[in-house]
Amino acid sequence: MKTRHLISTTALTFALAGVASANDLRDYARDIFEPLPSTIPALADNPVTPEKIDLGKALFFDPRMSASGVFSCNSCHNLATGGDDNMPTSIGHGWQKGPRNSPTVLNAVFNEAQFWDGRAADLAEQAKGPVQAGVEMANTPENVVATLNSMPQYVEWFKASFPAEGDPVSFDNFAKAIEAYEATLITPAPFDAWLNGDDNALNAEQVAGMELFIDKGCASCHNGVNLGGNGYYPFGLIEKPGADILPEGDKGRFAVTETADDEYVFRASPLRNIDQTAPYFHSGLVWDLKVAVQIMGESQLGEDLNDAEADQIVAFLGSLTGTLPQVVYPILPVETAMTPRPTGEVK
Ligand code: HEC
Ligand code: HEC
C-alpha cells in the first residue's frame, strides 16, 4: 500500500447534479465502493478449511493464550459488541492501558494492512502481535506452543487443520488458524444490498448521506469494500485537530517508516459497523459519531458540515452496520497437569 499524501480532495468530488436515475447513482457508487463478497475470501498461503476455522475460533476465545490467563482476543474484540471493546484505549495485561483504541475485527480481512498505522501486512502477521505485546496478552510464542501442546484436544485440532505438516502445533499455525476464523467475520449490510441492486435497502436520508459522503470528498479516502483500510493520510490533512483528539505523543506511521512526511499519518479507518464501535479515532477520545464526522469534515476537508449534513452522513454510515454470522460460543479444550499456569503480577 502506498502512502498517498497529496491527494486532491476535489478530485473525487463529483457533480451529482447530472446523475439521473437510481441506477446511474448505483453505477457511480459502484465505481467508488465495493459490496462484500458473498463467500469467505481466499487467504494468501493459508487455505481456509472448516477444521481451521473451528480451531481459530477456539483460539480467538481462549484466555489461556495470554500469560495471565485473563485476556483472549475476544476481550478487546468482543464479537457481541461490534468486534471491539468500546473503551477509549484497551485494558490488557496487569490492568495496563494500551496506547490506542481497539479497531473492530469484523471485515478486517478486507483491510489492505492492519493496525491504525498499517504496520502488519495481514491478519496472520497481525495475530502474533497482541499475544506478545506487554500491554495486551504479554505471552511468548514458546509459552503459547507449550500451552497448546499440553492439551490433547488442541493437538488433535492442529493435526486436522494442518494435515500435511509433521509438527503442526506452531506459533505460525496458531496465527494462520486465527486468520482463517477472522476471514469468516464478515457482516453484509443494507448498503451491500443497495449496491447489489435493492433500491429499498436504503432510505432517502441514507441515500442523501451517501451522496454527501461522495460529494464532500469523504470517499476520496474512505472507499473500496471497507470504505477505508486501504490508504494512509495525515490526520489533520487540512487542519490538525487539538491534543484533546490527536494526542501529540502518537505520531502514527512515523514510527513505522521514520519519514518526517509520515508524522501523524494514519490509515483511513474502515467504516463498516462504525455506529457500533464508539469511541472514535485512534485515541478513542470522541464518543459521538456525528461529532467524529464533523471533525473529519474540518480536519480532512476544511468543510464545516452543518447539523443536517452531518445527520445525513451518520444515517448513511448506519447503513454499513451488517449482520454477523451466528457465533456459537466454543467449548475449549480442558487443561492438564502440563498446562503452564497463569503468570504475571496482577496489580
Ligand atoms: C488488550 C486488548 C487486545 C487484545 C487482547 C487483542 N487486541 Fe487486537 N487490537 C487491540 C488494539 C488496541 C489494536 C490497535 C493497535 C494499533 O493499531 O496499534 C488491535 C488491532 C487488532 C487488529 C487490526 C484491526 C485493524 O483494523 O487494523 C486485529 C485484526 C486484531 N487486533 C486482532 C486480534 C487478535 C486475533 C487477538 C488475539 C490473538 C487480539 N487482537 C488481541 C487490542 C487488543
Ligand atoms: C484525507 C483523507 C480523509 C478524508 C477526506 C476523510 N477521512 Fe475519515 N479518516 C481518515 C483517517 C486517516 C482516519 C483515522 C484517524 C485517526 O488516526 O484516528 C479517519 C477516521 C474516520 C472516522 C473514525 C473511525 C474510527 O474507527 O474511529 C470516521 C467516522 C471517519 N473518518 C469519517 C469520515 C467522514 C464522514 C468524512 C467526510 C466528511 C471523512 N472521514 C473524510 C482519513 C480521511
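Helices (H or I, at least four residues) and strands (E, at least two) are DSSP runs, numbered from the N terminus. Keep those labels handy for the tour. What you have open is a predicted model, where local features need pLDDT of at least 70 and side-chain atom pairs count only at pLDDT 80 or more, while totals for chains, interfaces and linings use all residues. Residues are numbered from 1 along each chain as its sequence is written, chains are lettered from A and ligands numbered from 1 in the order in which they are written, and side-chain values use heavy atoms, with hydrogens and water left out.

**Stop 1: the iron**

Select ligand 1 and look at its iron atom. The protein gives that iron a single donor, NE2 of His-77, at 2.0 Å. Donors here are N, O and S atoms within 2.8 Å of the metal (3.2 Å for Na, K and Ca); water is not among the atoms, so sites may look incomplete. His-77 itself sits in the loop that runs between helix H3 (73-76) and strand S1 (91-92).

**Stop 2: the largest pocket**

On a 1 Å grid over the protein atoms alone, a pocket is an open set of points with protein on both sides within 12 Å along at least five of seven lines, a cavity is a set of points where a 1.4 Å probe fits but cannot get out, and lining residues have an atom within 4 Å of a point. Grid points are joined across faces, edges and corners, and a volume is the space filled by probe spheres set on the points.

The largest pocket holds about 710 Å³ of space. It has 38 lining residues, and those closest to its centre are His-77, Phe-115, Gln-126, Pro-130 and Glu-136. Now colour H3, S1, helix H4 (123-132) and helix H7 (171-182): these are the elements that give two or more residues to that lining. Which element gives the most to the lining of the largest pocket? That would be H4, with six residues.

**Stop 3: the largest cavity**

Next, hop over to His-222. UniProt, in an unreviewed entry, puts the feature "binding site" at Cys-218, Cys-221, His-222 and Met-296; such annotations may be inferred rather than shown by experiment, feature names are shortened, and positions are given in the numbering used here. These residues spread over 79 residues of sequence, yet they cluster in space, with a largest C-alpha distance of 11.3 Å. Cys-218, Cys-221, His-222 and Met-296 are all among the lining of the largest cavity.

That cavity has about 660 Å³ of space. Of its 39 lining residues, His-222, Ser-269, Leu-271, Phe-281 and Met-296 lie nearest the centre. Helix H11 (289-301) supplies the largest share of the lining, seven residues.

Click on Cys-218, in the loop between helix H9 (204-215) and strand S3 (232-234). Is Cys-218 buried or exposed? It counts as buried because its relative accessibility is 15% (buried means under 20% relative accessible area, exposed over 50%, partly exposed in between; 1.4 Å probe, protein chains only). Cys-221, in the H9 to S3 loop too, is buried at 10%.

**Stop 4: Ser-283**

Finish at Ser-283, in the loop between strand S4 (265-267) and H11. Ser-283 is buried, since its relative accessibility is 5%. Beyond neighbours within four places in sequence, Ser-283 is in contact (heavy atoms within 4.5 Å) with Pro-88, Thr-89, Ile-245 and Pro-247. Zoom in on Ile-245: its backbone oxygen lies 2.6 Å from a polar atom of the Ser-283 side chain.

Terms used. A polar contact is a pair of N or O atoms within 3.5 Å; within protein, one must be able to donate a hydrogen and the other to accept it, and residues adjacent in sequence count only if both atoms are side-chain atoms.
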